[in-house]
There are 2 protein chains.
Amino acid sequence: MNAKDSRFLSRLDATAKEIEDLLDRLLAPAPADGEIARPARLVEAMRYASLGGGKRFRPFLVVECAALFDVPRQRALMAGAALECVHCYSLVHDDLPAMDDDALRRGQPTAHKKFDEATAILAGDGLLTFAFDILSRRETHPDAGVRSELVSALARAAGLGGMAGGQMLDLAAEGRFAGNGPQQLGESEVRTLQAMKTGALLRFACAAGGILGSASGPRRQALEHYGSAVGQAFQIADDLLDLEGDPALVGKQTGKDAGAGKATMVGVLGGAGAKERLKELVAEAEQALAPFGTAAAVLIEGARFVADRHA
Amino acid sequence: MNAKDSRFLSRLDATAKEIEDLLDRLLAPAPADGEIARPARLVEAMRYASLGGGKRFRPFLVVECAALFDVPRQRALMAGAALECVHCYSLVHDDLPAMDDDALRRGQPTAHKKFDEATAILAGDGLLTFAFDILSRRETHPDAGVRSELVSALARAAGLGGMAGGQMLDLAAEGRFAGNGPQQLGESEVRTLQAMKTGALLRFACAAGGILGSASGPRRQALEHYGSAVGQAFQIADDLLDLEGDPALVGKQTGKDAGAGKATMVGVLGGAGAKERLKELVAEAEQALAPFGTAAAVLIEGARFVADRHA
């Protein structure tokens, strides 16, 4: 690992700690204004699902993209915390027995194993709802127009036309519904699925930096282009990890995709083709950020890190 | 039924039709800006869960409370549609096998029976997310400050300190978790549970009218007081229906509460005491709206209707 990598990792780590502290404060047991009470078991499950783990890569993207426009750090952290709530809700619901039926997440029991299914469903619902609570606070941005734009962009990234829709496509591809067997998806169908399931939130992370910074149209497009390339790289690296990774290092069961007939770019392109594609995506991410010059160096290192994490 | 009642019912019916048309348009198969695609199965499940039924009482409250401040009707309908999405998501998730395990809703198969559990979970997630998409649109209100306030109020009403928290308390009271038997809740615990589980959204409905109309503090408090009384009356009437109602008329299984050890005011006060309490709540709702004079007549009729629906 060279000096550049360690600069990226130290910034990633610093943001992760700040997000952890912020979520810890936001998910305190005491109710906020307008809330009646926070039931202990639900708070506990929401904290279990959102604290104490994760690289917080999405909040890192928000913070670093926002920094390109000199956005006060606390605002970017608030938006990053909201996004992390959506990410964590999606993990809790995707792990449910009716979905991917996973018992381990980050090396720990999944929420429905630690608590029970009903509590896990509610904890996911609570985290998703809480994300919009966070985005609507003045602490996120004093300009209500910015807050409303963040809400709109996150809802579209996470909803039926984004992440939730992507999970639906993924389940359908596995042939999970009566009368359907597993489907062999082509490259463009896999791309759409992954652009929705994992890409949409990563693109939102980058877009959010531009929204917080009232960036110009071309700058926002550059950030979204970068986010899109990073999102694709992230997914391919994840799929390579599933194919080749060690469960003890990955922290969850591996080798599931092939068994479940999961639609992946690794399946479409093969292992070597997928690694080639990773290189192209890193180059695309770098090119997208060229207008920002050296200010974007740590984001480019982030893209390389994402692509290399299968190694 | 007298002339006043039929005026209420015709207004309720008119709003229901408008909400139906609006949700039908908003949940069209084509993706909106910023969405990648809307998977057919997920759109179908979200439409199944939100169209073709329901009295739309919550949107009615939004529309009528907003009318007190001369808010353009379309804005109130948008906020009402968002609220209805949250209400419908909560029904889909509450009906799941891991929660209340219901097979019928409004006389039709519940979403997980019609589709499957994974699709029902995603449809609920999609509807919850979509509510915030709707609230963040300019069509809901041209002032972003109003939109952001609506998002904040809805998130707090629906989240861990509101509806989702109330469902958690309800499951806990039934003794659904390892090591706990059913709990006998006292009156104040039942009140808290119901203020969260069903009261919070009904209070939000009334508050939303005031937010849309930039109402003064005292007027907002009056609306919330009315919403709180109506919410309590609504729940007691619902519990009386479960105790005494005919499943063919109610459209779902009845007599479940006593068997499940559900915490209800009927359980705490008895049938006769609950009916007495209903009368007090209607009087409270009327009194809260006194400052609005005759303009609030249809809302007062609504409160009476809610209380009488157990008969």
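How many C-beta neighbours does B:Ala16 have inside 10 Å, and does B:Ala16 count as buried, partly exposed or exposed?

Modeller: This is a predicted model, in which local features need pLDDT of at least 70 and side-chain atom pairs count only at pLDDT 80 or more, while totals for chains, interfaces and linings use all residues. Residues are numbered from 1 along each chain as its sequence is written, and chains are lettered from A and ligands numbered from 1 in the order in which they are written.

B:Ala16 has 18 C-beta neighbours inside 10 Å and therefore counts as partly exposed (buried means 20 or more other C-beta atoms within 10 Å, exposed 12 or fewer, and partly exposed in between, with C-beta atoms placed from the backbone). The residue belongs to helix α1 of chain B, which runs over residues 3-26 (helices are DSSP runs of H or I of at least four residues, strands are runs of E of at least two, and both are numbered from the N terminus). Leaving aside residues up to four places away in sequence, B:Ala16 touches B:Lys55 and B:Arg56, where contact means that C-beta atoms placed from the backbone lie within 7 Å. In sequence B:Ala16 and B:Val230 are 214 residues apart, and in space their C-alpha atoms are 19 Å apart.

One of those two partners, B:Arg56, deserves a look of its own. B:Arg56 lies in the loop between α2 and α3 (57-67) of chain B, and its phi is positive, at about 60 degrees, although the residue is not a glycine. With 24 other C-beta atoms within 10 Å, B:Arg56 is buried. Another non-glycine residue of chain B with a positive phi is B:Arg106, where the value is near 50 degrees. B:Arg106 sits in the loop between β1 (104-105) and β2 (108-109) of chain B and is partly exposed, having 13 other C-beta atoms within 10 Å.

Further along chain B comes α8(B), in which 11 of the 11 residues are buried, so this helix is largely enclosed by the rest of the structure. Its buried residues include B:Met163, B:Gly166, B:Met168, B:Leu171 and B:Ala173. They pack against α4 (73-94), α7 and α9 of chain B, together with α2 (40-50) and α6 (117-135) of chain A. The helix is followed by B:Gly175, whose phi is positive, near 70 degrees.

In chain A, helix α8 (residues 163-173) packs with helix α9 (residues 187-212) at an angle of about 145 degrees, the axes lying 7 Å apart; axes are lines fitted to C-alpha atoms, for helices over the stretch in contact, and angles run from 0 to 180 degrees between N-to-C directions. On the side of α8(A) the contact is made by residues including A:Met163, A:Gln167 and A:Leu169, and on the side of α9(A) by residues including A:Leu193, A:Met196 and A:Lys197. By class, this contact of α8(A) with α9(A) has seven nonpolar, three polar and two charged residues (Ala, Val, Leu, Ile, Met, Phe, Trp, Tyr, Cys and Pro are nonpolar, Asp, Glu, Lys and Arg charged, and the others, Gly among them, polar).

Between the chains, the contact takes 56 residues from chain B and 56 residues from chain A. On the side of chain B that touches chain A, at least two residues each come from α2 (40-50), α6 (117-135), α7 (144-158), α8 (163-173) and α9 (187-212) of chain B. Of that side, α6(B) gives the largest share, 11 residues, and by class the side has 32 nonpolar, 14 polar and 10 charged residues. Since 100% of the interface residues of chain B are also interface residues in chain A, the copies meet through the same surface.

Two residues of chain A complete the picture. A:Ala237, in helix α10 (residues 217-244) of chain A, counts as buried with 23 C-beta neighbours inside 10 Å. The C-alpha atoms of A:Ala237 and A:Asp308 are separated by 7.4 Å, although the residues are 71 apart along the chain. A:Arg309 is found in the segment after α14 (297-308) of chain A and, with 16 C-beta neighbours inside 10 Å, counts as partly exposed.

Technical notes: Contact = placed C-beta atoms within 7 Å.
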